[in-house]
Amino acid sequence: MDYLKEFISKLHSLDRAKRAGEVFKDFLILSMCSLAQPFYRSKNLELKYTNTVQNYTKEQAEEFSKLLAFLVSGLEEKHQDFLGQIYSNLNLGNSKKGQFFTPYSISRMMAEINFTDLKSEIDNKGFITLLEPCCGSGGMIIAYAETMKNKGYNYQHKLYAEAVDIDEICFKMTYIQLSLLGIPARVLRGDSLKMMYYEVFYTPFYFLSNFKYKLQQAKQEEIVNKPQINKSEQLTLFKYL
């Protein structure tokens, strides 16, 4: 089954009340709230979900679960930038803002070219970190995770990613795809250049793989291994980690 084609077809069947682009944005809100809520238990997320879904009939609202099923099946079938392709198909990008999405085949090629042997770093720290300061829909991170998997590394436990984008749609697309693929990550909506961030969410596998503890341990070991910091300074730093 062509899940991408089915997704777009289902999306257009829901655009009787709104344009397909608006339906897609509502799909992102509903999906992100659904994925994050079990871990955040947030009233704000619950309210955002309710305010969005109430704009549709009961029958239309049920169709959103089918859209999510197509997305899940597409990502299970193969690693790909599924939502990025939908975004481009609907012409939601803005070239004036410098939004140019990299085809997934190019992302995968770049991941392969830049991939280095991770054994030493993983042996020392237990995982590797990846920063994507202008993440789009997360395609580069997905491609790197796929490359790790092909090289024999379990990215769900050995990779921690930080993804940033100033665009709200990109922020949501990245969070949803990284969550469904089980990639531990912190996803931020903000400006990487100005170091200003407005929203942040952690993916489910950040919690399930206990990355809060792993990152704290790595930070402590980094401080201990710095010869210029004396023991009293270490104790003070540990206090504020």
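Buried means under 20% relative accessible area, exposed over 50%, and partly exposed in between (1.4 Å probe, protein chains only). With 24% relative accessible area, Arg186 is partly exposed. Please keep in mind that this is a predicted model, where local features need pLDDT of at least 70, side-chain atom pairs count only at pLDDT 80 or more, and totals for chains, interfaces and linings use all residues. Residues are numbered from 1 along each chain as its sequence is written, and side-chain values use heavy atoms, leaving out hydrogens and water.

**Salt bridges**
- Nine salt bridges are counted, each a side-chain nitrogen of Lys or Arg within 4 Å of a carboxyl oxygen of Asp or Glu.
- Arg186 pairs with Glu162, their closest N and O atoms being 3.1 Å apart.
- Arg186 lies in strand β3 (residues 185-191) and Glu162 in strand β2 (residues 159-165), so this pair ties together parts 24 residues apart in sequence; strands are DSSP runs (E, at least two residues) and helices likewise (H or I, at least four), numbered from the N terminus.
- Lys151 and Glu112 also form a salt bridge (3.7 Å, N to O).
- Lys10, Glu63 and Lys66 are joined in a salt-bridge network.

**Nonpolar core**
- The largest nonpolar core has 59 residues, of which Phe7, Leu11, Phe24, Phe27, Leu83 and Met148 touch the most other members; such a core is a set of buried Ala, Val, Leu, Ile, Met, Phe, Trp, Tyr and Cys residues joined through side-chain atoms within 4.5 Å.
- Helix α2 (residues 20-40) gives the most to this core, with eleven residues.
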